[in-house]
Amino acid sequence: MRLKIDCIMAKQIPTRADDYAQWYVEIVKRADLAENSDVRGCMVIKPYGYAIWEKMQQGLDKMFKDTGHVNAYFPLFVPKSMFEAEEKNAEGFAKECAIVTHYRLKTDPNNKGKLIVDPDAKLEEELVVRPTSEAIIWSTYRKWIQSYRDLPILINQWANVVRWEMRTRLFLRTAEFLWQEGHTAHATAMEAEKETLQMLDVYADFVENFMALPVIKGKKSEGEKFPGAIDTYCIEALMQDGKALQAGTSHFLGQNFAKAFNVQYSNKEGKLEYVWGTSWGVSTRLIGGLIMAHSDDDGLIIPPRLAPIHVVIVPIFRSEEEQTKISAAVGPLITALRHAGLSVKFDDRDTHKPGFKFAEYEMKGVPVRMAIGPRDLENGTVEIARRDTKEKHVMNVKDVVVEIPKLLEDIQKNMYARALKFRTEMTTTVETYDEFKNILNSKGGFVLAHWDGTAETETKIKEETKATVRCIPLHSTAEDGKCIYSGKPSKMRVLFARAY
RNA sequence: CGGGGCGUAGCGCAGCCCGGUAGCGCGCCACGUUCGGGACGUGGAAGUCGUAGGUUCGAAUCCUGCCGCCCCGACCA
């Protein structure tokens, strides 16, 4: 309470060290990314936040297309009987489904101006609001697939889904969220497995190169895998508070959905076989990860490749005359920078002072700020400030168009390097359960430890420490050891962490 | 669903215990001075006190019902 008041007075937000969760919420709100709506658990994504999502969409969509996928759109509603066809999938999501039971309202005869659900308009069959689209998509694929010639089907959809979570947090877990879900169908298991891993690589590539966030690729344990999948692969990223965030998943579905929806094809020998499937998705949760991984106590820091605005230009003037002169000088610069493919904002509002604008764009995480005042006009210079390090330096106007793109690249690289260094420092290898607990309670982060591979041990560790097996890393070397909990033999270390 | 808390101006809150007809900060509007790191002064607008009922001469304040939200837990791949 006291902290809150102080923060408002000082126009500052709680620091990460003070209260990480509150810091996160304040960044989201003050950077104008999103806010809680009047609908329980659902957020309004504001223009600036949505612009980041659009950047993510553009980056991912191109990568999907480059790997042969096309976009399509399937219905929001799934008839209950269809939803329950794949048993494990249905069970896994049953507890968090919103269901449509009626199709009409009517005026309340006992309460003027109010509406009630019309009891006569009960649906013959309830409609589930999709928490994920495997069911509706596989029931459609059934109609599309007869022969091996119809395969593979490589489809992605950009959509919203609803999962009625008990507790929600802006971007990280909301009742409705935006995502993309890829759903592919293949003739062979090998091809489907290859697709699963290919998309995992696409996600890792995107998160590392666009979001500047290193990830660990791995496989989920039996207990953590997607309901209805044979194998779930994931990428795990580390946030600044030492907790892990699952940034994307790619599932090898085997023939589970093909069998549930009876999707068969004739192979070259004329024999009927069940189709092999995959699904994979990332969501607006990535925005939450972006914030938690990179931002600082002064606000958001957006990696240039996802920044809606690359460069903001703040003119410094006292009189209208000065303002006019600066605008004239800035004009060609803006044109040149835009020609270089950059998104440039010239903030010449005279309703706010420069200091206010500096703080505002720092809060919004704009990678590069350029200030131009009377002094610069005389010297033919501008002041350049980079958001990631807060460093400022004076630059000749003639160098701007060449130097800014280089600077943006440097910021992108620096952000990745910083996040990688953090993750490296926050990854600990332990041999004993005591060590394991100590690390979790002192510094947190990723912990590499031996595990016997059983669900019982996983559950016990989770109950006792709140840490879970994030994944069984794909690229780690086999190493004989003993499970930290049970002492049973283990062939390799797995990645543990407390997670979002 | 269990435990706790809160609904008062756009936002954040005080007032409630001890009933007398609503206040503070930020924001907003106007004017002036400011403008190279979140400016200041003066004036101003803005609230059926969540909702329905009860007690009372009188209710933001006391009582009861209802609604909504938040936090902790359970839940959440």
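These legends walk through a few close-up views of a predicted model. Residues are numbered from 1 along each chain as its sequence is written, and side-chain values use heavy atoms, leaving out hydrogens and water. Local features need pLDDT of at least 70, side-chain atom pairs count only at pLDDT 80 or more, and totals for chains, interfaces and linings use all residues.

View 1. Strands here are DSSP runs (E, at least two residues), numbered from the N terminus, and two of them pair if DSSP finds at least two bridges between them.

**View 2. Meeting strand 3 and strand 9.** Strand 3 pairs with strand 9 (residues 153–162) in the parallel sense, over two bridges. Look for Val70, whose bridge partner in strand 9 is Ile155.

View 3. A disulfide is a pair of cysteine sulfur atoms within 2.5 Å, and a search of the whole structure finds zero. For Cys42, the nearest cysteine sulfur, in Cys97, is 15 Å away. The sulfur of Cys471 lies 4.6 Å from that of Cys234, its closest, which is too far for a bond.

**View 4. Charges over rings.** A charge sits over a ring if NZ of Lys or CZ of Arg is within 6 Å of the ring centre and within 35 degrees of the ring normal. Lys243 places its charged end over the ring of Tyr500, 4.3 Å from the centre. The charged end of Arg369 sits over the ring of Phe358, 3.9 Å from its centre.

Key: Chains lettered and ligands numbered in written order. Helix = DSSP H or I, 4+ residues; strand = E, 2+ residues; numbered from the N terminus.
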